[in-house]
Amino acid sequence: MTELAPSSQDAMAVVRAQNLGLTFPTNDGDVIALSDVNLTINKGEFVSFIGPSGCGKTTFLRTIADLEQPTSGTLTVNGTTPSDARLNRAYGYVFQAPALYPWRTIAQNVALPLEIMGLSDKAERIARTLELVNLTGFENKYPWQLSGGMQQRASIARALSFDADLLLMDEPFGALDEIVRDHLNSELLKLWARTRKTIAFVTHSIPEAVYLSTKIVVMSPRPGRVTDIIESDLPAERPLDIRETPEFLRLAARVRDGLRAGHSYEE
Amino acid sequence: MTAMTRPTLSRLQQGLALLAGLVCALALVLALLSGDAPLPLLAFVGLGTLTLLRVRLPVPLWIDGLLMLLGAMALLQALPLFATEPAYFWLALVACWAFAWLFVERLSQAIRSRQVSGRVFGLVIPVLFGLALLFVWEVVTRGANVPQVLLPAPSQIWTRLLASVPTLVADFQQTFLKAVLAGYAMGCGAGFIVAILVDRSPFLKRGLLPIGNFVSALPVIGIAPIMVMWFGFDWQSKAAVVVAMTFFPMLVNTVAGLSQASSIERDLMRTYAASYSQTLLKLRLPAAAPFIFNALKINSTLALIGAIVAEFFGTPIVGMGFRISTEVGKLNIDLVWAEIAVAAVAGSAFYGVIALIERAVTFWHPSVRGGRA
């Protein structure tokens, strides 16, 4: 099978990993961060990666983004290598920390990728993406004048500003408190519904993963691998109180079982 | 004593108030006994003695300030009247100093408790401190007839400064406007450019950093005569010394600053597929700015020192270092001090300008905006 052959399945696949492995050499011997990962992310899906620390969920996301290089197996992004996809500016990446540049205002931070990529109609894009994350009116504030939740929203606006179809999010709400996190989760779902982007989302919160996703990838550590892939049957319309319904709790229980299974041979 | 229990004065302030009052009382007795005490000085020690009444009656802080002013003026007025200053004169100086300290203590307490505006009076304290220093210097050198060769009075230095303005301006132009500024610009510029090259190539990092280190370890006294032989007697050789002194601080600070951007900030640039120069201009140099300004500030004072010292080793007959070395030989110590005063003001102003630019450029840094990281 040739990698770039456009079959009917590939047309839908945004990310396709086959037997993917990544080993970090360290002074204490090799650390297997990813082992034999097979996974396809289709266009328009919201895929969550969940697992304990060290399970390779962030490493997998960074591999898609070409921030890490796999040591075995194949990985395609939009049908090309991750490196080409990065050079084509195929994705927007949201990090664990907002990483806004403190010498730039919010509007200038959102404009940063636009300046680098030489895109036109900056003002229109800034206004549109800040409106998407409900930060209209904060254009001229500096990042250190905003709360943590607002900073993370600004960093999401920055990742959206150049209209990449794929959004990679690495525990973007991990440092925020529960209430802000709930709010941003429902905002993110609305944003996803409006923009129809493909989202890969790393988290270690079971409710967050179940609430947001159309597909949940459960991973386990040592070596980092996929133990379960759960297709969610929750409706597309998800108010926050869907988290008390039996369907939601059943999915959450299955995720928890998957996490526990990955842990069973430890301790 | 009831003053000890009065809550409005701290223990230090009580002690100062007591000291000022008692010293005034003693000076008053001695002055009355001598019979030839000048009237303003008598008035000062008399009123100062009266402040001992603060035991019963609270004295507002500006009374202490007024007494300090009155004492200073009375002392200056009395200075030329005596061949050798009598004991009550020195006691009055001690009392005046105690009133000044007490006034500043109470003023800063009032600013802290927001009884008076810190914006207006905050400046009074450092200015008063500087003036008090000059005042004590003036009174002690003239009152105790300190030989001018050891330490001239500030007024003598000031008179000499006004009388030699053309000389001082010519020296300033030669040393500061030519040697210091040119050397500073070239040294800092070269350090900055080499830092960027060093950062780009590990090979240069291994080769150039030790050489920079080596050059910075060379003593100015050693390289100055060599630079004079290489670049001649005029300002160019002094600028070369300044380049040698300012290059290394800039190199080391910029190299350290370029590694300040966090890995997450660099990863962000990588996800945008940003080029090397885009990452440098939009991330790494702004993040390095606090380090670069540190070097600019260190170098602003180093450059002046370097240029002045370098002029000791051969120069045309103009320049601040040349003037200092020749006038010391002629025992014109007041002109040496005038030259030192010009150098101090010029160096401080240079530093201040750089610090102001730093505040404007690195306004976002926690150390400038007074926030947390």
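Select B:Phe172 to start. This residue is buried, because 20 other C-beta atoms lie within 10 Å, and 20 or more is the cut-off for buried. The model in your viewer is predicted.

**Stop 1: around B:Phe172**

Show the helix that holds this residue. B:Phe172 sits in α8 of chain B, residues 165–200. Then pick B:Glu339 and draw a C-alpha to C-alpha distance from B:Phe172. The two are 8.9 Å apart in space and 167 residues apart in sequence.

**Stop 2**

**Stop 3: a helix pair in chain B**

Select α4(B), residues 87–112, and α6(B), residues 124–143. Two packed helices are described by the angle between their axes and the distance between the axes. How do the axes of α4(B) and α6(B) cross, and within what distance do they come? They cross at roughly 175° and come within 11 Å. The two helices are therefore roughly antiparallel, since angles over 145 degrees count as such.

Show the side chains at this contact:

- From α4(B): B:Phe89, B:Leu93, B:Trp97, B:Ala100, B:Val104, B:Leu107 and B:Ser108.
- From α6(B): B:Val124, B:Ile125, B:Leu128, B:Ala132, B:Val136, B:Val139 and B:Gly143.

Colour them by class. Twelve are nonpolar, two are polar and none is charged.

**Stop 4: where chain A meets chain B**

Bring both chains into view. How many residues does each chain give to the contact? Chain A gives 18 residues and chain B gives 15. On the side of chain A that touches chain B, select α3 (82–87) and α4 (106–117) of chain A, the elements that give two or more residues. The largest share of that side comes from α4(A), with four residues.

**Stop 5: confidence in chain A**

The mean is 85, and 94% of its residues reach 70 or more. Finish at residues 1–8 of chain A. There pLDDT stays under 50. For this stretch the model has five contacts beyond four places in sequence.

Note on methods: Residues numbered from 1 in each chain as written. Chains lettered and ligands numbered in written order. Predicted model: local features only at pLDDT ≥ 70, side-chain atom pairs only at ≥ 80, totals over all residues. Contact = placed C-beta atoms within 7 Å. Axes fitted to C-alpha atoms, helices over the stretch in contact; angles between N-to-C directions. Parallel < 35°, antiparallel > 145°, perpendicular 65-115°, else oblique. Nonpolar A, V, L, I, M, F, W, Y, C, P; charged D, E, K, R; others polar. pLDDT = per-residue confidence, 0-100. Buried ≥ 20, exposed ≤ 12 C-beta atoms within 10 Å, placed from the backbone.
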